Each structure stands twice: as structure tokens, then as C-alpha cells.
Amino acid sequence: NNVDLGYQNFWEYAITPRVGYQAWEDTSLYIEPQYMQRIYDANQDINGFNQSAREYQVLFGLTYDFADVTYLDIGIGVVHSTFADPAFAPTTGPTFNISGIWNATELLTFNARLLQSNLATTDFETKQVAANSFSLGADWEMRDNLYFNLTGSYIDAVYDWANQTQNGFTSPENRHDQTFTYSV
């Protein structure tokens, strides 16, 4: 019986193809399905559950090219997660991805991204976790083939609590997990 008594490591595999069609001169429409699988090292966690999960997502969107230096990509859709352990109910929620790129000069590019997705959760008190994230970045070509990148991001994981826990107790707690990331 392979049981993990601490924090588990996991492997995550994803495939995200995109199919698009240029509908107008500067605008393309697309569909972007995604399949993701998360496999934990141990068959059971410390509580005796298998947290391995599969996630299916589909985005419908468009890309728009402003004067060859600014690009906008907008997609909305739905994401659905299922779990290996029957103790955890599947979750379904909305998702969106809005990103923009501005080539300020030939050597300097700015980018921004706003994203909402569903996080897999194996907490009995939680129906779903919506991850809202925002990031800003800049790329500067200092010399030929030498780039400098600066990126900052903020993620707010919002927990949507179930009306009752497995034991029948109500769960009025309002939880947000906030993460700030800076990279150079």
C-alpha cells in the first residue's frame, strides 16, 4: 500500500493545441482545447485519498493585431476537473485568458496577461477554487542573442465553499490564497 505521509510530489502533463481562422484582415478566431493530467507519486495521501486528477478546458477567442506592434488575444471558455478518487466530486467553472503584447521598440517588448482558471481541489469543504492571475512583463534585447526579462505576477485563489462538509457541518469561511511572484 503506497501511502505518502507528507507533502506529495506529482507529475503534470498537458497538451494545448490551437486552431484558428483569419476572419478579417487583422482578426483571427480560434478554438483552444486543453487536456491536463496530474499524477501524484503516492497512490494515497496522508488521509488515504488519491489526489490524481484530469482537467479538460476549452477556450473560444479571437486575436487582434493593432498596427503590427500591438497584439490582443481574448479567450473565454469552461474548465472541468475530475479526480481518480471517487470521494472527490468533479468541478466545472468558467475560464478566460486575456493577453496583450506591445512592441514599444525593435528591442523592447511589454506584455500583460489576465487569466482565470479552475484549480483542482481535494478538500471536502471546497467545491471549486478559481485562480485569478495578473502578470506584467518586459523583454529587452540588450545585444544580439542576449535578452533581459523582468516579470511580476499576482495570483488570487478564491475558494468556493460547499454548503456542507462531508461530516454535515456548514463552512462559512471565506478563503483567498494570494501569491506574488517576481522574476528576472
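Predicted model: local features only at pLDDT ≥ 70, side-chain atom pairs only at ≥ 80, totals over all residues.
Rolling a probe the size of a water molecule over the atoms shows where empty space is left. In this structure, the largest pocket has a volume of about 360 Å³. Its lining is made up of 20 residues, and those nearest the centre are Gln 34, Glu 55, Gln 57, Leu 115 and Ser 117. Two or more lining residues come from each of strands E1 (10-15), E3 (27-40), E4 (53-66), E6 (91-103), E7 (108-119) and E8 (126-143). Strand E7 gives the largest share, with six residues. Sorted by class, the lining holds nine polar, six nonpolar and five charged residues.

Turning to the aromatic rings, five aromatic pairs are counted. One of them joins Tyr 64 and Phe 66 in an edge-to-face arrangement, at 4.4 Å centre to centre and with 80° between the planes. Both partners are partly exposed: Tyr 64 has a relative accessible area of 31%, and Phe 66 has a relative accessibility of 37%.

Another pair brings together Tyr 154 and Phe 180, whose ring centres are 5.0 Å apart; the planes meet at 40°, so this pair counts as tilted. Because Tyr 154 belongs to strand E9 (residues 146-161) and Phe 180 to strand E10 (residues 176-183), the contact ties together parts that are 26 residues apart in sequence. Tyr 154 is partly exposed at 27% relative accessibility, whereas Phe 180 is exposed, with a relative accessible area of 51%.

A ring also takes part in a contact with a charged side chain: Arg 18 lies over the face of Tyr 30, at 3.7 Å from the ring centre.

Key. Residues numbered from 1 in each chain as written. Heavy atoms only, no water. 1 Å grid on protein atoms, 1.4 Å probe; cavity = no way out; pocket = protein on both sides within 12 Å on 5 of 7 lines; lining within 4 Å. Points joined across faces, edges and corners; volume = space filled by probe spheres on them. Helix = DSSP H or I, 4+ residues; strand = E, 2+ residues; numbered from the N terminus. Nonpolar A, V, L, I, M, F, W, Y, C, P; charged D, E, K, R; others polar. Phe/Tyr/Trp six-rings, centres within 6.5 Å; stacked < 30°, edge-to-face > 60°. Buried < 20%, exposed > 50% of the residue type's maximum accessible area, 1.4 Å probe, protein only. Lys NZ or Arg CZ within 6 Å of the ring centre and 35° of its normal.
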